[in-house]
Amino acid sequence: MNPFSLLVITHPLLISDGLLILKQRARAPSLLFLLFAGAYSRTRENMSLITNVLVKRSCFKAGWRRPSQWYSHYSTTAGNARVNKKGSKVVPVMAALALASIFAKKWYDGSQIKKADATSVTVDSSISAFPKKMGPPQWPFATQYELLGKGVRCVSSITFKAYGLGLYIAADDKHLVAEVLDSKFLSQAFIDTASPSSPARSHQENLRAALNDPAKAPILINNLLDSGIRLMSKNTPIKAGSFKLLMDGTRKSVLKNPDSQSQDKTRLEAGFQELHDCFRSVKGLVARDDDFFIELNKDCSVNLCYYARKKDEFVMLGTVKEPLIGKLLFAHYFAAVDPPSQEAKQEAMDALVSLA
């Protein structure tokens, strides 16, 4: 703490005069010295003397106008006013109540976070655990979903956590993974392509390598999406945000897919308009630990749903019917070089390999 801060804490009356003196330090350097010297003076007599010199004499000598007095219930040193001991306790009590309310809110918010158990997994300690299975009747989805991978989306830097991401697959569609990724065409053209002289590897090892290949992964995932497989993403804010941020984040994820540059711009803009229309009915803040679901249908349309955890309330935002939006978005989740969550993508890749 600097000397000026110590002096101001000791004598609140000097705040305004002290700042004025600092502004005029070129005209009155000796006053600045007294101001700083007072911080190191621990006796009541010395502080009273400096206060007298600075406030009552120096300001008038320099031709400055003395500001109005503080109210006595805010300070016990306001001019010659009688000390109001009862009033002087108002500010500390209010500050204590404010701090107590902050800690109480943090405790309550923490108590609402659901911890991981046999049916869920932890993504981040500040948000509720992600269920391994989600579906009706508890959740307003068309079918039962199972978790493929989960992770944290960081923005700006690796230390700023934006939200937790979970990638799910429809339980009834798991068979499509093997049917598509084990097909003779994909196997011969993109997966099992090692030369005869190379060491023999299993199909699953080759598939894992292909899914981690920046050139092959988009082709394999797009074939999987074209098969009519149903997927879902669960986005849970770690920091409070807004619905606009959710919409903008979804749009940016679509545009980050390199394939978006070669698509029909008219169709793409029509899809973004549908996305914008889905968010017209909601405004304001999105609380930490709420959920934003994007459900990919067989035709690559997407259903958007929001869950307010504290209210235990689901809000169906609407459907984006343009298939380009859903296909580009989920291809970015599963096959991008720089996906929203590298951890979620890698876990999802491992899960797909195990299903093939």
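Which residues does Ser-187 touch, not counting residues up to four places away in sequence? They are Asp-192, Thr-193 and His-203, where a contact means heavy atoms within 4.5 Å. Ser-187 sits in helix α7 (residues 184–191); helices here are DSSP runs of H or I with at least four residues, strands are E runs of at least two, and both are numbered from the N terminus. Ser-187 is buried, at a relative accessible area of 13%; buried means under 20% with a 1.4 Å probe, protein chains only.

Keep in mind that this is a predicted model, in which local features need pLDDT of at least 70, side-chain atom pairs count only at pLDDT 80 or more, and totals for chains, interfaces and linings use all residues. Residues are numbered from 1 along each chain as its sequence is written, and side-chain values use heavy atoms, leaving out hydrogens and water.

How far to trust it? The pLDDT (the predictor's confidence in each residue, 0 to 100) averages 77 over the protein, with 67% of residues reaching 70 or more.

| Element | Residues | Mean pLDDT |
|---|---|---|
| helix α1 | 3–10 | 41, the lowest among the elements |
| strand β9 | 291–296 | 96, the highest among the elements |

Residues 53–64 stay under 50 in pLDDT, yet have 26 contacts beyond four places in sequence.

Terms used: Buried means under 20% relative accessible area, exposed over 50%, partly exposed in between (1.4 Å probe, protein chains only).
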